[in-house]
Amino acid sequence: MAQPLVKKDDDRDDEMDYSPFMGIEKGAVLQEARVFNDPQLDAKRCSQVITKLLYLLNQGETFAKVEATGVFFSVTKLFQSKDIGLRRMVYLIIKELSPSADEVIIVTSSLMKDMNSRTDMYRANAIRVLCRITDGTLLTQIERYLKQAIVDKNPVVASAALVSGIHLLQTNPEIVKRWSNEVQEAVQSRAALVQFHALALLHQIRQNDRLAVSKLVTSLTKGSVRSPLAQCLLIRYTSQVIRESGISQTGDRPFYDYLESCLRHKAEMVIFEAARAITELNGVTTRELTPAITVLQLFLSSSKPVLRFAAVRTLNKVAMSHPMAVTNCNIDMESLISDQNRSIATLAITTLLKTGNESSVDRLMKQITNFMSDIADEFKIVVVEAIRSLCLKFPLKYRSLMNFLSNILREEGGFEYKKAIVDSIVILIRDISDAKEGGLLHLCEFIEDCEFTYLSTQILHFLGNEGPKTSDPSKYIRYIYNRVILENATVRASAVSTLAKFGALVDSLKPRIFVLLKRCLFDSDDEVRDRATLYLNTLGGDGAVVETDEVVKEFLFGSLGVPLTNLETSLKNYEPSEEPFDIHSVPKEVKSQPLAEKKAPGKKPTGLAAPPVAPTSTVDAYERLLSSIPEFSSYGKLFKSSASVELTEAETEYAVNVVKHIFDDHIVFQYNCTNTIPEQLLENVSVIVDASEAEEFSEVASKPLKSLPYDTPGQTFVAFERPEGVPAVGKFSNTLRFIVKEVDPSTGEAEDDGVEDEYQLEDLEVVSADYMLKVGVSNFRNAWESLGDDCEKVDEYGLGPMESLTEAVNAVVSLLGMQPCEGTEVVPSNSRSHTCLLSGLYIGNVKVLVRLSFGVGGPKEVAMKLAVRSEDISVSDAIHEIVGSG
């Protein structure tokens with residue numbers, strides 16, 4: 001039985017939560033449900049039991065089929081009660097129990113009776129429940145009543161029918177689409193909620209017809225919508241039409257005048273929706289933004305927190321692309337820094353950081369210093385990222401901003417917060433050369449008292465790469481060796497590696513480094529001892545002041561050459577044998593990883609993050625598959641396999657996609673085919689490839705598929721030879737050819753005779769990016785310097801008008817098919833110049849590094865300087881040819 005409800009005592013803790021459902025058990029409630037069968041129904045007690053059942057259902061409690069059926073049949077007896085409150089509870093429990101088709105018929109007659117009742121509350125709820133539990137067959141029987149309900153004078157009934165229509169559109173669209181006339185009439189209703197629901201349903205009915213949606217918006221923007229909620233919906237639909245139609249030949253946007261007129265509406269929600277819609281228009285101009293910014297500025301001084309929050313959040317987004325348009329609001333936003341709502345204050349601070357000028361930086365820093373101690377870590381991270389962007393915008397102010405970051409780094413905070421600060425300092429060191437020495441010292445002071453092992457090891461790694469290049473590298477040795485004495489084994493091992501890097505690059509420090517490394521030989525951890533032994537033997541010279549060999553520097557600073565995840569996978573798959581493990585057998589391709597969360601525009605990537613890598617089990621599988629086919633086994637080692645390219649549209653009779661396998665002198669197309677027709681069996685399946693638009697390729701082999709049953713994927717292959725050393729490109733036309741045999745559905749047997757048939761597929765292109773493997777490097781600068789300038793080629797290109805630098809970067813990265821390094825594919829907001837670093841492996845296993853420098857000139861004209869270094873000058877020339885012809 002349920003525990004009796006306890007009265008809250010005065011001396012109990014005020015923070016303690018009390019629930020009237022505490023201690024409820026399913027078995028006890030099912031026992032209580034027997035009250036539904038009493039001859040004299042107690043409406044109040046029945047309502048309480050139903051409430052408990054609803055609570056259990058909403059808490060995820062599952063009812064067995066027998067239990068649910070028993071409760072359902074007991075509940076149906078409650079229709080005899082005339083109590084309105086109990087009847088509403090009955091509707092709720094029936095809807096939640098979702099009875100099966102054979103049980104629904106028990107309550108259908110009662111619900112249909114209520115649907116035509118004189119009590120409006122019964123009618124509205126009966127409509128909602130019926131539409132929720134019935135299938136298409138019964139729906140046609142009650143369709144007439146639903147149409148009448150849509151135009152009913154009572155707004156509660158009309159809204160119930162319209163909302164039910166919105167739900168039914170997902171399961172029975174053909175029935176709901178027949179209600180267009182009644183819904184159109186409901187849009188003209190004087191009831192606010194009815195108009196809102198009617199507009200939502202009418203738009204969903206027409207959403208796949210762009211012309212119909214445009215006509216709907218055109219007719220309603222003339223002033224027939226009175227409901228503020230419906231007006232907000234209409235503004236959203238208008239924005240959608242504007243996005244799809246673009247800007248007219250006269251330079252005006254369709255419906256912009258309507259959005260501007262909504263800024264003068266009496267309802268605040270409509271004003272805000274219109275202002276937000278204007279700020280989110282593609283390619284919005286300052287002239288178009290001005291009225292929306294003015295309205296949002298008024299909201300900043302509103303007494304309602306929700307309006308202040310909405311306004312400052314919208315202005316924050318606008319500041320990313322149009323900072324000058326928001327500067328007029330700076331005075332109002334400065335007053336929000338002390339707002340009681342910390343979310344509003346944080347948004348105000350970050351917006352000011354984006355829109356402020358160089359002279360206001362110091363004043364802002366003073367205000368933020370007092371503010372930071374009052375907010376949670378998640379808000380602090382937002383502020384830190386905004387400060388980082390401001391420092392990159394005004395590099396001359398790096399001292400005050402770097403000091404601020406170092407001060408908050410010493411304060412209390414969680415891992416993510418500290419990581420955000422460290423990443424910001426690292427990025428500032430990389431991008432602002434004058435900030436290097438000061439920034440490294442700040443990081444050294446931080447690791448003296450750092451509680452996070454991950455951050456300590458990452459900072460030590462960064463210090464090992466950048467510290468030896470400073471004017472006085474010796475001042476960092478003390479901080480590094482302190483980690484060997486005071487920290488855990490992981491940090492000690494990292495510190496040993498960092499000391500070795502200083503010894504390798506700074507010859508004058510080598511004797512001192514040797515002494516320190518010898519002390520590490522007596523460490524309690526085997527990893528630390530092993531590293532110290534390795535580096536002492538590698539550096540050589542017994543600690544004398546001699547120049548370190550280039551081979552040693554390459555060992556310490558060079559990249560591994562293969563992604564770590566690929567190496568890990570290959571080692572796990574390696575079976576011990578007489579043949580040693582060969583690192584050259586590890587796949588070098590890096591699959592792009594889906595991002596865990598969408599990056600905000602202009603957000604710099606994590607400073608200490610490693611290049612993205614992913615498991616390459618598919619690459620291994622492709623190589624095993626191709627080597628097992630005699631026709632292709634002589635082609636040598638597989639260089640690259642592309643992502644699959646769809647050659648058919650979704651939901652067609654046959655689904656076909658293709659994977660391009662690149663070898664040194666050949667290319668193999670693997671066509672993955674699926675037969676989606678149950679009554680057919682396909683035999684002798686092959687793809688006829690027309691290479692008339694790819695003259696440099698010649699077909700040398702094909703492997704048809706013997707049989708393709710229903711819903712069983714199969715592969716057919718076509719191989720082409722290409723000129724040696726030439727990254728040939730071209731377009732291929734594809735036709736699926738097969739013999740189709742009818743299948744008896746009852747026996748599953750196919751007929752003996754078949755008919756030869758063909759199915760036209762989409763064209764396939766081989767592009768320059770197919771000859772490039774995405775291979776990341778952990779330290780681009782060291783890799784760039786190690787390649788030298790013997791095979792370097794530099795040239796400049798005009799890319800023409802582009803919407804943004806981001807579009808230009810994405811276009812070139814996609815054209816070359818290379819791996820962006822150190823997060824440089826992300827362009828900071830409002831940036832008029834940007835440098836992107838790329839690395840890859842060209843066909844023939846030639847290492848290639850690319851440095852792209854972009855700049856915006858005239859009206860969105862983008863210029864690019866392309867610098868390429870590789871192991872072969874002909875490959876550097878080929879990269880320039882790809883960009884020049886792309």
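Modeller: One term before we start: a residue counts as buried when its relative accessible area is under 20%, and as exposed when that area is over 50%. Also, keep in mind that this is a predicted model.

Colleague: OK. Is S81 buried or exposed?
Modeller: S81 is buried, because its relative accessible area is 12% and the cut-off is under 20%.

Colleague: Where does S81 lie?
Modeller: In a loop. That loop runs between helix 3 (65-76) and helix 4 (84-97).

Colleague: Which residues does S81 touch, leaving out those up to four places away in sequence?
Modeller: L41, L86 and R87.

Colleague: And what lies 3.2 Å from a polar atom of the S81 side chain?
Modeller: The backbone nitrogen of D83.

Colleague: New topic: strands. How many bridges join strand 5 to strand 9?
Modeller: 10 bridges. Strand 5 covers residues 680-693, strand 9 covers residues 730-742, and the two run antiparallel.

Colleague: Which residue in strand 9 is the bridge partner of E683?
Modeller: I739.

Colleague: How many bridges join strand 9 to strand 10?
Modeller: 6 bridges, with strand 10 spanning residues 755-760. These strands run antiparallel.

Colleague: What about strand 9 and strand 11, how many bridges there?
Modeller: 3 bridges, again antiparallel. Strand 11 is residues 764-766.

Colleague: Which residue of strand 11 does F732 stand opposite?
Modeller: L764.

Methods:
Residues numbered from 1 in each chain as written. Predicted model: local features only at pLDDT ≥ 70, side-chain atom pairs only at ≥ 80, totals over all residues. Heavy atoms only, no water. Helix = DSSP H or I, 4+ residues; strand = E, 2+ residues; numbered from the N terminus. Buried < 20%, exposed > 50% of the residue type's maximum accessible area, 1.4 Å probe, protein only. Polar contact = N/O pair within 3.5 Å; in protein donor to acceptor, adjacent residues only side chain to side chain. Contact = heavy atoms within 4.5 Å. Pairing = 2+ DSSP bridges.
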